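Subject: Handing over a structure, with notes

Dear colleague,

Please find below the structure that I promised to pass on to you.

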Amino acid sequence: MKSMMTMKATARRGAWMVLVCALVAGALVTQAPAQAEAQSRGSVLNQGRFEVGVNAAGVLSRSTIAPEDGDEVELRSSYFNPNIFFGYTVIPKLQVKLLAGYQGIGTESNGVTLQDSNALSVVLQSAYHIPVEREFSLYGGIGLGGYFGSTQRPFTVTDQDGALREVVGDNSTNGFIFQAMLGALVEPNDKLTLRAGLRFDTLRGSETPEEENAEILSELTSTNLQVLIEFSIGFRFGG
C-alpha cells in the first residue's frame with residue numbers, strides 16, 4: 001500500500017512537471033513571433049538605430065499686475081526653440097541626440113520690449129525609454145549645451161550733465177543650457193517617430209554691451225527658467 005501511494009505521488013509530481021513545461025514552452029512559442037516582429041519593425045529603441053528629424057519647443061505666457069494705487073501692468077513673455085536633430089541608440093532603450101537650432105526669448109511690459117534675445121543653441125541630450133505597448137513608450141532624460149547670439153534691452157542712463165535718457169543696448173550673449181525632459185514616444189510604422197512632452201530649460205549666461213555703449217552699460221548676468229511644451233517628428237534607419 002505504501003508503495004502504491006508513493007507511485008501515485010510520483011505520478012502527480014510528474015504530471016505537474018509536464019504541465020509546467022508545457023506552459024513554459026507555450027509562452028516561449030508565443031513570445032518568439034513578437035520578438036521577431038519587434039526586430040523586423042526596427043524600433044528606434046533597438047541598439048544601433050539612427051534617427052533624424054525636427055523638434056520644436058515653446059511657451060507663451062501673459063500676466064497682469066493691478067496695484068491698488070497705480071495703473072495696470074501687462075507682462076508678456078515667449079520662448080521658442082526649433083531644432084534639427086540627429087540621434088543614435090547606444091544601448092537598447094537609451095538614445096543620445098545632438099540638437100542644433102534657433103533660440104528666441106521675448107519679454108514685453110505694456111507693449112514695451114524688455115528683452116529680445118536671438119541665439120543659436122546646440123544641446124546634447126540623453127533619454128531612456130520605457131516601452132508600454134508595441135508602438136508606445138515613455139521617456140525621461142537630460143540635456144546639456146550652450147547658446148550664443150544677441151540680446152536687445154532698454155536701459156535708462158544718466159548723462160554727464162545729469163539728464164536721463166533711454167538707450168537700447170544690443171548686447172552679445174552666450175551661456176549654458178541645462179534641460180530635463182519627460183514625454184511619450186509613438187512609432188506608428190517602420191520609419192516614423194512622434195514625440196510629445198514637457199521640457200524644463202535652465203539658461204545661465206552673460207551679456208556684454210556693444211563697443212559704443214561699453215562706457216555707459218555694464219556686463220549683465222542673466223538666468224531664464226522655462227517650462228516648455230515639446231513636439232518632434234523623426235525618421236529612423238540603420239541598425
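What follows is a short account of what was found.

This is a predicted model, in which local features need pLDDT of at least 70 and side-chain atom pairs count only at pLDDT 80 or more, while totals for chains, interfaces and linings use all residues. Residues are numbered from 1 along each chain as its sequence is written, and side-chain values use heavy atoms, with hydrogens and water left out.

Of the 239 residues, 32% count as buried; buried means under 20% relative accessible area, exposed means over 50%, and partly exposed lies in between (1.4 Å probe, protein chains only).

A cavity is a set of points on a 1 Å grid over the protein atoms alone where a 1.4 Å probe fits but cannot get out, and its lining residues have an atom within 4 Å of a point. Grid points are joined across faces, edges and corners, and a volume is the space filled by probe spheres set on the points. The search of the whole structure gives two cavities of 30 Å³ or more.

The largest cavity holds about 140 Å³ of space, and of the 16 residues that line it, Lys97, Gln125, Tyr139, Met181 and Arg195 are the closest to its centre. Strand β4 (112-133) gives the most to this lining, with four residues. The lining of the largest cavity divides into seven nonpolar, six polar and three charged residues, where Ala, Val, Leu, Ile, Met, Phe, Trp, Tyr, Cys and Pro count as nonpolar, Asp, Glu, Lys and Arg as charged, and the others, Gly among them, as polar.

The second largest cavity has about 80 Å³ of space, and it is lined by 14 residues, with Ile105, Ser117, Tyr147, Thr151 and Thr173 nearest its centre. Here, too, β4 supplies the largest share of the lining, four residues, and the division is four nonpolar, nine polar and one charged.

Finally, the salt bridges. A salt bridge is a side-chain nitrogen of Lys or Arg within 4 Å of a carboxyl oxygen of Asp or Glu, and by this rule the count comes to eight. What is the N to O distance in the salt bridge between Arg153 and Glu207? The distance is 2.8 Å, and because Arg153 lies in strand β5 and Glu207 in strand β7, the pair ties together parts that are 54 residues apart in sequence. Both of these residues are buried. Elsewhere, salt bridges that share partners join Arg62, Glu74 and Arg76 into one network. Arg62 is exposed, at 52% relative accessible area, whereas Arg76, at 41%, is partly exposed.

With kind regards

Technical notes:
On a 1 Å grid over the protein atoms alone, a cavity is a set of points where a 1.4 Å probe fits but cannot get out, and a pocket is an open set with protein on both sides within 12 Å along at least five of seven lines; lining residues have an atom within 4 Å of a point. Helices (H or I, at least four residues) and strands (E, at least two) are DSSP runs, numbered from the N terminus.
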